[in-house]
Amino acid sequence: MSKKETDNFFEKVYAVACLIPYGKVTSYGAIATYLGMPRSARMVGWAMSSSHSQEKEIPAHRVVNRNGILTGKHHFQGKNLMQQLLENEGIEVVDDKIQNFENVFWNPSEEL
């Protein structure tokens, strides 16, 4: 994939991430599937790790792995910023794992 294609994919990922409702989360794979590239969850992760350099604020804290684990937390400043941002939205996190994940999961393929 060329840099131009990657940049375009990242922009699409950011657009979907911005639609995740407050108090909800989605997964890297759910975004990839919605974008028609179901085997590209890792690329969604790369987009999320690059999202902090975007002019527009991207709610990357709302994107987690398929099991509800905060695998991207090391890309946030501070020790527990990702968890704090989620908890501020009413999402319970214990040991880096979202509790009641199925209740707060937002699937763009079903919702958009």
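Reply: Start with a definition: a residue is buried at under 20% relative accessible area, exposed at over 50%, and partly exposed in between (1.4 Å probe, protein chains only). The model is predicted: local features need pLDDT of at least 70, side-chain atom pairs count only at pLDDT 80 or more, and totals for chains, interfaces and linings use all residues. Residues are numbered from 1 along each chain as its sequence is written, and side-chain values use heavy atoms, with hydrogens and water left out.

The part I pick is the stretch around Asp96. Asp96 sits in the loop between β3 (93–94) and β4 (97–98). Helices here are DSSP runs of H or I with at least four residues, strands are runs of E with at least two, and both are numbered from the N terminus. The relative accessible area of Asp96 is 23%, so Asp96 is partly exposed. Its backbone stands out too. Asp96 is not a glycine, yet its phi is positive, at about 65 degrees.

Asn100 lies in the loop between β4 and α5 (101–104). Here too phi is positive in a residue other than glycine, with a value near 55 degrees. Asn100 counts as partly exposed because its relative accessibility is 46%.

Which residues outside its sequence neighbourhood does Gln83 contact? Contact means heavy atoms within 4.5 Å. Leaving aside neighbours within four places in sequence, Gln83 is in contact with Asp96, Leu70 and Val93. Gln83 belongs to helix α4 (residues 81–88), and Asp96 belongs to the β3–β4 loop. With 17% relative accessibility, Gln83 counts as buried.

Next, the aromatic rings. A pair of aromatic rings is described by the distance of the centres and the angle of the planes. Rings of Phe, Tyr and Trp (its six-membered ring) pair if their centres lie within 6.5 Å; planes under 30 degrees apart are stacked, over 60 edge-to-face, and the rest tilted. A search of the whole structure turns up 2 such pairs. One is made by Phe10 and Tyr14, edge-to-face, at 6.3 Å centre to centre with 65 degrees between the planes. Both residues lie in helix α1 (residues 3–17), 4 residues apart, about one turn of the helix. Phe10 and Tyr14 are both buried. Another pair joins Phe101 and Phe105: the centres are 5.4 Å apart and the planes are at 65 degrees, so this pair is edge-to-face. Phe101 has 12% relative accessibility, so Phe101 counts as buried. Phe105 has 28% and therefore counts as partly exposed.

Ile31 is in helix α2 (residues 28–34). Its relative accessibility is 0%, so Ile31 counts as buried. Setting aside neighbours within four places in sequence, Ile31 contacts Val13, Val16, Thr26, Val44, Val63 and Pro108.

A further buried site is Ala60. Ala60 sits in the loop between α3 (41–50) and β2 (63–64). Ala60 has a relative accessible area of 4%, so Ala60 is buried. Not counting residues up to four places away, Ala60 touches Met48, Ser51, His52, Phe76 and Met82. Ala60 and Lys4 are 56 residues apart in sequence and 22 Å apart in space, C-alpha to C-alpha.

Step back to the whole chain. The protein chain has 6 helices and 4 strands. From the N terminus, the order is α-β-α-α-β-α-β-β-α-α. The C-alpha trace spans about 40 × 30 × 20 Å along its principal axes. Among contacts between residues at least 6 apart in sequence, 67% join residues at least 24 apart. Of the 112 residues, 39% count as buried.

Last, the surface and the charges. The protein chain exposes about 6,800 Å², and carbon and sulfur atoms supply 47% of that area. Accessible areas come from the Shrake-Rupley method with a 1.4 Å probe; for residues, only the protein chains shown count as cover. The 12 positive and 13 negative charges have mean positions 6 Å apart. Lys and Arg count as positive, Asp and Glu as negative; His and the chain ends are not counted. Each charge is placed at NZ of Lys, CZ of Arg, CG of Asp or CD of Glu.
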